[in-house]
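Trainee: I would like to go through this model with you and ask, for each label, what stands behind it. Could we set the values against the definitions as we go?

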Amino acid sequence: MPPSISAFQAAYIGIEVLIALVSVPGNVLVIWAVKVNQALRDATFCFIVSLAVADVAVGALVIPLAILINIGPRTYFHTCLMVACPVLILTQSSILALLAIAVDRYLRVKIPLRYKTVVTPRRAAVAIAGCWILSFVVGLTPLFGWNRLGEVERAWAANGTEGEPVIECEFEKVISMEYMVYFNFFVWVLPPLLLMVLIYLEVFYLIRKQLNKKVSASSGDPQKYYGKELKIAKSLALILFLFALSWLPLHILNCITLFCPSCQKPSILTYIAIFLTHGNSAMNPIVYAFRIQKFRVTFLKIWHDHFRCQPTPPVDEDPPEEGPHD
């Protein structure tokens, strides 16, 4: 007999479904926009597509699995472990995509004249593939043995039961907090976030330095180039800020669980932290729509062409942005 669902669980499921219904179409729209607009084909937007793919998977896969875990079905230990791992893979993929975006924007302002020879489509594709491979390695580490199977088996044997343990499937019952804090947070989340903050500070410094140079009659092109870079960098830094704001609370709660086992964590705080992590996948398309004109124009064109059946003029595809001329 399936477990009964309380009113609180029903509310939780309703909010999760709402997040998924915003996240999946929004991020599909981002991928669609890059496909139809030639002006959105540079390396940065390829990394943004990788980020959008991860966010689509959060809405289509992670949220349904989170709802399943919240209901608390009884499953074999390794079945529950496989249900818990996708969120680890996708979180890591998002972090590495954000890091790749930050490095890409740094190169655009640090070596603008050589940027196109350094950041080629092939190298961008290799970087994206590398990010996903590394994400799978980090996210699947619990399946390779760093999990709580030993503790569960001891409790299972103490009850005089044989065979693979059957448990009430919950994230903290299968995923080791040592893994989540020491390996996941202290190695693969916190250092990349701090590195990205330093990169964006350097990007803003370099852009401001160029914009503050004395304007001469021939400096219109560099001024326009760095002005565009500043606007895009601000938008992408906002994406990073929202990601950190969404994910740090849950990692802080994990640290409390590990370092202070006797400390009581109000369940409402845990739910809020989970909503923030899932809700982050729905935030990025909204930021792109309001902050990056190329996305906004392309979103509107897709809406008119495919949903209102009122074709609009072709998207104004800006010529590829070259570096400032000497």
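Trainee: To begin with a single side chain, where is the place of F275?

Mentor: F275 has its place in helix α11, where helices (H or I, at least four residues) and strands (E, at least two) are DSSP runs numbered from the N terminus. Please keep in mind that this is a predicted model, in which local features need pLDDT of at least 70 and side-chain atom pairs count only at pLDDT 80 or more, while totals for chains, interfaces and linings use all residues. Residues are numbered from 1 along each chain as its sequence is written, and side-chain values use heavy atoms, with hydrogens and water left out.

Trainee: Why is F275 called buried?

Mentor: Buried means under 20% relative accessible area, exposed over 50%, and partly exposed in between (1.4 Å probe, protein chains only); F275 has 19% relative accessibility and therefore counts as buried.

Trainee: Which class does T79 fall into?

Mentor: T79 is found in helix α3, and because its relative accessibility is 35%, T79 counts as partly exposed. T79 and C46 are 33 residues apart in sequence, and their C-alpha atoms are 34 Å apart in space.

Trainee: How do you know that R108 and D42 form a salt bridge?

Mentor: A salt bridge is a side-chain nitrogen of Lys or Arg within 4 Å of a carboxyl oxygen of Asp or Glu, and the N to O distance between R108 and D42 is 3.6 Å, so the pair meets the criterion. This pair links distant parts of the chain, with R108 in helix α3 (residues 77-110) and D42 in the loop between α1 (7-36) and α2 (43-71), 66 residues apart. R108 has 2% relative accessibility and therefore counts as buried.

Trainee: What other partner does R108 meet in a salt bridge?

Mentor: E229 and R108 also meet through their side chains, at 2.9 Å from N to O.

Trainee: Why does the salt bridge of K265 and E172 tie together separate parts of the sequence?

Mentor: The side chains of K265 and E172 meet at 3.5 Å, N to O. K265 lies in the loop between α10 and α11 (267-291) and E172 in helix α7 (residues 171-174), so parts 93 residues apart in sequence are tied together. With 25% relative accessibility K265 counts as partly exposed, and with 34% E172 counts as partly exposed. Salt bridges that share partners also join D42, D104, R105, R108 and E229 into one network, and the structure holds seven salt bridges.

Trainee: Which residues form the positive surface patch?

Mentor: R208, K231, K234, R291 and R296 form the positive patch, since Lys and Arg count as positive and Asp and Glu as negative, with His and the chain ends not counted. R291, in helix α11, counts as partly exposed because its relative accessibility is 39%.

Trainee: How many helices and strands does the protein have, and how confident is the prediction?

Mentor: The secondary structure comes to 12 helices and two strands, and 47% of the 326 residues count as buried. The average pLDDT, the predictor's confidence in each residue from 0 to 100, is 90, with 91% of the residues scoring at least 70.

Notes:
Patches are made of residues with over 30% relative accessible area and no salt bridge: like charges are joined within 9 Å, nonpolar side chains (Val, Leu, Ile, Met, Phe, Trp, Tyr) within 5 Å. Accessible areas come from the Shrake-Rupley method with a 1.4 Å probe; for residues, only the protein chains shown count as cover. The place of a charge is taken as NZ of Lys, CZ of Arg, CG of Asp or CD of Glu.
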